[in-house]
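Trainee: I would like to learn how to read a few features of a structure. Where do we begin?

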Amino acid sequence: FRTNVIYQKNMLKDGGYSRCASMIQAATENYMGKMSGDGKFWGQKGYVFIKNMVMFCAGKYGDYFTLKDFYEEMTSLNDRDFGIEIEDILTQKNYDWEEKRNLRIAASYFNNEYTKLDNKFKDSLLVTSTSFLSLLRDARIEQVFCPPEDKVNFWGFDELVDKGKLFVFGIDIPGIAGPMSVFMKLLYQRSVLNRIKEPERLKEKRLSFGIYDEYQSIVTVGGGQIEGDDDYAAKRREALGVTIVATQSLSSLMQSIGNETSFEVLVQNFRNQVIGHSKDKRTVEYCKYVAGEVEKVTESQSFSESGAKPIKNIFGGLHTEKPTVSQSINQNVQKVSRVNGETMSQLKL
């Protein structure tokens, strides 16, 4: 198995560079965790930097370059003027108007924004942008995911999706497993969604199933800014895509997503849900919400005793020889949850 996970045909056209940068950013966030506060600021700046570096690499290498090439370009920033290098690239190759414009946009970024940053800011930007990529410097990883073009034997999921073939992906290397699984998942999802633009691929009406175990380890939510499962979930039905996921708990999923609204947007797209034994508070509360409430009749009883001509006895109490005892029974209709924490904790699955 040899593949280039960031390969895009015509990288400088039709937003190809943006899709490539989006995948790198999604894998980086999977490795670093969802960013907030200062981390979110660096993440946003890092994405802009990554996108423009992708455009530069597309100009320098053409459509085919790997994560290894990309990392080496990013870590050799000192004493380089990318604006000038891009201008040289423009004179060496014959680009159409869109490719030329995108390269000049990248040159403008490096000339007018990047070069004005102080060195500490540049260092922080580089650390944020390459934290995940540095893990790829492993002989086996480079052999599988950064091969020379003539060694690639897997160019994408279109054939597998359209002919109903099976693709099983698993990787057991700490730190790498999650991000690389994110790459493969996004490549698969993109292939499914591309069937909308290529209706001939839907003639056979074949469903395509994406099945993910330990989903909390590879979930990505873009919120419209980068590629994510939320965007795919909203469009997959038209492309005959079906997603089946298994996760430890809703709390673990929420922790990975890091945003309550994004979490709710994603979860509500799963129309059919099977929930087993759980003591997780968020999972229990979610089940109570989904299951709804039922009306239950509650009954209360009270007794009272009275009598005429009471006599005080020597012990300080009162008694009467003609007592009257009355009883009242009240019934109320209340709404109660169909399930509760006790129900969930007693489930066997």
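Mentor: Begin with residue classes: Ala, Val, Leu, Ile, Met, Phe, Trp, Tyr, Cys and Pro count as nonpolar, Asp, Glu, Lys and Arg as charged, and the others, Gly among them, as polar. By these classes, the lining of the largest pocket has 10 nonpolar, 12 polar and 11 charged residues. Note that this is a predicted model, in which local features need pLDDT of at least 70 and side-chain atom pairs count only at pLDDT 80 or more, while totals for chains, interfaces and linings use all residues. Residues are numbered from 1 along each chain as its sequence is written, and side-chain values use heavy atoms, with hydrogens and water left out.

Trainee: What is a pocket, and how much space lies in the largest pocket?

Mentor: On a 1 Å grid over the protein atoms alone, a pocket is an open set of points where a 1.4 Å probe fits, with protein on both sides within 12 Å along at least five of seven lines; lining residues have an atom within 4 Å of a point. Grid points are joined across faces, edges and corners, and a volume is the space filled by probe spheres set on the points. Here the largest pocket holds about 1000 Å³. Its lining comprises 33 residues, and Gln8, Arg19, Arg190, Asn194 and Lys197 lie nearest the centre.

Trainee: Which elements give two or more residues to that lining?

Mentor: Helices (H or I, at least four residues) are DSSP runs, numbered from the N terminus. Those giving two or more residues are helix H1 (16-32), helix H9 (177-197) and helix H10 (229-235). H9 gives the most, with 8 residues.

Trainee: How many disulfides does the structure hold?

Mentor: A disulfide is a pair of cysteine sulfur atoms within 2.5 Å. The structure holds 0.

Trainee: Is Cys20 buried or exposed?

Mentor: Buried means under 20% relative accessible area, exposed over 50%, and partly exposed in between (1.4 Å probe, protein chains only). Cys20 counts as buried because its relative accessibility is 0%. Cys287 is also buried, at 10%. Cys287 lies in helix H13, and its C-alpha is 49 Å from that of Cys57, at a separation of 230 residues in sequence.

Trainee: Which residues does Cys287 touch, beyond those up to four places away in sequence?

Mentor: Contact means heavy atoms within 4.5 Å. On that basis Cys287 touches Ile275, Val339 and Met344.

Trainee: With which side chain does the side chain of Thr283 make a polar contact?

Mentor: A polar contact is a pair of N or O atoms within 3.5 Å; within protein, one must be able to donate a hydrogen and the other to accept it, and residues adjacent in sequence count only if both atoms are side-chain atoms. The partner of Thr283 is the side chain of Asp280, at 2.5 Å. Thr283 is buried, with a relative accessible area of 4%.

Trainee: Is Tyr289 buried or exposed?

Mentor: Tyr289, placed in helix H13, is exposed because its relative accessible area is 67%.
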